[in-house]
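Q: Could you walk me through the contacts in this model? I have it open and would like to go residue by residue.

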Amino acid sequence: MRPVIVFPEGSQGMGKPFAQRYQLKRFGRGGFVKLALRTGAPIVPVAIVGAEETVPLLGKLPAGFLGLDYVPVTLPPLPARWTLRFGEPIGMGDLPPEAAEDLSQVQRLTERTRESIQGMLHALLKERRSVFSG
């Protein structure tokens, strides 16, 4: 088994205004949870602080002609110290692979993952002294 990295906010996470940084958006339809249930792999929540100051979103240009929702308008990357925190793995327990078809189980695990990451983000932001020095 190999690790898979998933950003469950998807493009919504990249498209947040600067004022909404570190406020997690909805995690879509739980595809990452369905994958974990089907494979029996644990979900390891990870919080990253610093990334949302590195490239603040200034605006969005429509880009349907490119097959994209938008092209982000940003500044050149700014220097910011990133801090990563790995949370406790969320195991699938005794849930069978068929649980991936149970919407209530998927939503429960999706929200549990989201709450874990949001909690770690709040803790990291509280501990941080400066955007630039960590």
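Q: Which residues does K16 touch, leaving out those up to four places away in sequence?
A: K16 touches E9, Y22, Q23, L24, K25, E52 and L57, where contact means heavy atoms within 4.5 Å. The model is a predicted one, in which local features need pLDDT of at least 70 and side-chain atom pairs count only at pLDDT 80 or more, while totals for chains, interfaces and linings use all residues. Residues are numbered from 1 along each chain as its sequence is written, and side-chain values use heavy atoms, with hydrogens and water left out.

Q: Where does K16 lie, and is K16 buried or exposed?
A: K16 lies in the loop between α1 and α2, helices and strands being DSSP runs (H or I of at least four residues for helices, E of at least two for strands) numbered from the N terminus. K16 has a relative accessible area of 5% and is therefore buried; buried means under 20% relative accessible area, exposed over 50%, and partly exposed in between, with a 1.4 Å probe and protein chains only.

Q: What does the side chain of K16 pair with?
A: The side chains of K16 and E9 form a salt bridge with an N to O distance of 3.3 Å, a salt bridge being a side-chain nitrogen of Lys or Arg within 4 Å of a carboxyl oxygen of Asp or Glu. E9 is buried, as is K16, and a network of salt bridges links E9, K16 and E52.

Q: Which backbone atom does the K16 side chain reach?
A: The side chain of K16 reaches the backbone oxygen of Q23 at 3.3 Å. There is also a polar contact of 3.4 Å between the side chains of K16 and E52; a polar contact is a pair of N or O atoms within 3.5 Å, where within protein one must be able to donate a hydrogen and the other to accept it, and residues adjacent in sequence count only if both atoms are side-chain atoms.

Q: And E52, where is that, and what does E52 touch?
A: E52 is in helix α3 and, not counting residues up to four places away in sequence, touches K16, F18, R21 and Y22. Since its relative accessibility is 22%, E52 counts as partly exposed. A polar atom of the E52 side chain lies 3.0 Å from the backbone nitrogen of Y22.

Q: What is the phi of Y22?
A: Phi of Y22 is near 65°, a positive value in a residue other than glycine. Y22 sits in the loop between α1 and α2, and at 4% relative accessibility Y22 counts as buried.

Q: Back to salt bridges: how many are there by this rule?
A: The count comes to 7 salt bridges. One of them joins R21 and E53, whose closest N and O atoms are 3.5 Å apart. R21 lies in the loop between α1 (11-14) and α2 (31-39) and E53 in helix α3 (residues 51-54), so this pair ties together parts that are 32 residues apart in sequence. E53 is buried at a relative accessible area of 7%, whereas R21 counts as partly exposed at 30% relative accessibility.

Q: What does E101 pair with?
A: E101 forms a salt bridge with R38, at 3.1 Å from N to O. Because E101 lies in the loop between β4 (83-86) and α4 (103-127) and R38 in helix α2, the pair ties together parts that are 63 residues apart in sequence. E101 counts as exposed at 61% relative accessibility, and R38 is partly exposed with a relative accessible area of 47%.

Q: Changing topic, which residues of the largest nonpolar core touch the most other members?
A: Of the 20 residues in that core, V33, L37, I43, M92, I117 and L121 touch the most other members; a nonpolar core is a set of buried Ala, Val, Leu, Ile, Met, Phe, Trp, Tyr and Cys residues joined through side-chain atoms within 4.5 Å. At least two residues come from each of α2, β1 (46-49) and α4, and α4 gives the largest share, 6 residues.

Q: What does I117 touch?
A: I117 touches L24, F27, P45, V46 and A47, not counting residues up to four places away in sequence.
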